[in-house]
Amino acid sequence: IVFKNNITGENMKLLLYNVCYCMGVGKGYKDYISCNKSIVLDSKALNRIANFIKKQSPQIVGLVEIDTGSIRSQRVDQAEYIRNKLKFNSVASFCKYGNSKLSKLPYFKHLANSILAKNKFTKVNEYYFKYGRKKLVLEVEIDNKYAIYLVHLSLTKGFRSKQIKELAGIVLNNSKPKIVIGDFNTFDGDKELNKFMMTTGMVLAKHNLNTFPAWKPKKCLDHVLYSKNIKINKLFAPIVKYSDHLPIIVDFSVNRKYNSK
């Protein structure tokens, strides 16, 4: 891939991955049973995921379902572990349950989503949906030039629809070029995102591969949406079985005509 100069200095590579708390459940549903019987996670699964991400050489990583230091992860902050492996400068992690009762419990308070970046964040915000258990919307700005949003939406269609409406309002408050990534749990297909795109003017990046389950992908649950001042140069989903989802890798650049001031 040839990287060309633009307002961001180069094309950027972003990797989105629902890592399922680095449980190593990429071979089939039987892995869920064996992993959930174990009090302590196998650290080899975390290392495999970290090494895979490092080999992709991304500048930005969005991690859904990360453990920031529970007893089950042996008090290892998985996001920090991956950040150190990548030698990144920035990481932002927040509990995905917001201020609910779940977020106060010893195990659940460590269940998070994270954004990592090679460059420093110039802004970090956390927002929480009014509906659903998984409430977190994580926003970061990088180099004061563009914003990344990471979400993990509800499994319940009714709550998911309300969350998507709330998400549109959140991203419209930021005038910078932006990319929204995450596990949207769109079991009814891309049509669930139509109103969001109409409201925000953002575009859904299409790719030919389903992302769930990793061992026999049948559904596309993981998405990348971007504003029209972002250019998507390449997007693909590698076939790897380190989690129950496939990762998505996207090369993008910011339109030269965008004025960051």
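Glu141 and Lys176 are both buried (under 20% relative accessible area, with exposed over 50% and partly exposed in between, using a 1.4 Å probe and protein chains only). The two form a salt bridge whose closest N and O atoms are 3.6 Å apart (a salt bridge is a side-chain nitrogen of Lys or Arg within 4 Å of a carboxyl oxygen of Asp or Glu). This is a predicted model, where local features need pLDDT of at least 70, side-chain atom pairs count only at pLDDT 80 or more, and totals for chains, interfaces and linings use all residues. Residues are numbered from 1 along each chain as its sequence is written, and side-chain values use heavy atoms, leaving out hydrogens and water.

**Around Glu141**
- Lys123 joins Glu141 and Lys176 in a network of salt bridges.
- By the salt-bridge rule, the count comes to seven.

**Helix α4 and the loop between β8 and α5**
- Asp188 forms a salt bridge with Lys157, with the closest N and O atoms 2.7 Å apart.
- Asp188 lies in the loop between β8 and α5 (194–200) and Lys157 in helix α4, so this pair ties together parts that are 31 residues apart in sequence (helices, H or I of at least four residues, and strands, E of at least two, are DSSP runs numbered from the N terminus).
- Asp188 is partly exposed, at 36% relative accessible area, and Lys157 is partly exposed at 47%.
- Arg160 forms a salt bridge with Glu192, again with closest N and O atoms 2.7 Å apart.
- Both Arg160 and Glu192 are buried.

**Val40**
- Val40 sits in the loop between α1 (30–37) and α2 (43–56).
- Val40 counts as partly exposed because its relative accessibility is 38%.
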